[in-house]
Amino acid sequence: MEKEFSVKFKKLDVWKESARLCVEVYKNLGTLRDYGFRDQITRSALSIPSNIAKGSSAQISSRYT
């Protein structure tokens, strides 16, 4: 049952686009020498698909409790 919940967010278009954005950010900032800035921006980009996935699973889980 847990596996079923963890896969549903991958079908969302918004999650797919945010994951692509995250990859683009990592690619484009890979050579940036300002490591603090690069770290902050890449962590921010990664938080978008992560939060979508977390919110999606929280909504699904709350329906069954």
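The side chains of D39 and R43 come together in a salt bridge, with 3.0 Å from N to O. This is a predicted model, so let us take the pair as the model draws it. Both residues sit in helix 3 (residues 35-63), and because they are four residues apart, about one helical turn separates D39 from R43.

How exposed are the two partners? D39 has 38% relative accessibility and therefore counts as partly exposed. R43 has a relative accessible area of 51%, and since exposed means over 50%, R43 is exposed.

The structure holds two salt bridges. The other pairing joins the side chains of E17 and R20, at 2.4 Å from N to O. R20 has a relative accessibility of 48%, so R20 counts as partly exposed.

Here are the pairs side by side:

| Salt bridge | N to O distance |
|---|---|
| D39 and R43 | 3.0 Å |
| E17 and R20 | 2.4 Å |

Now for the chain as a whole. Its secondary structure consists of three helices and zero strands, giving the pattern α-α-α along the sequence. The chain has 65 residues, of which 22% count as buried. Its accessible surface comes to about 5,200 Å², and carbon and sulfur atoms account for 56% of that area.

What share of the contacts between residues at least 6 apart in sequence join residues at least 24 apart? In this chain, that share is 60%.

How values were computed:
Residues numbered from 1 in each chain as written. Predicted model: local features only at pLDDT ≥ 70, side-chain atom pairs only at ≥ 80, totals over all residues. Heavy atoms only, no water. Salt bridge = Lys/Arg side-chain N within 4 Å of Asp/Glu carboxyl O. Buried < 20%, exposed > 50% of the residue type's maximum accessible area, 1.4 Å probe, protein only. Helix = DSSP H or I, 4+ residues; strand = E, 2+ residues; numbered from the N terminus. Contact = heavy atoms within 4.5 Å. Areas by Shrake-Rupley, 256 points an atom, 1.4 Å probe, with all protein chains shown as cover.
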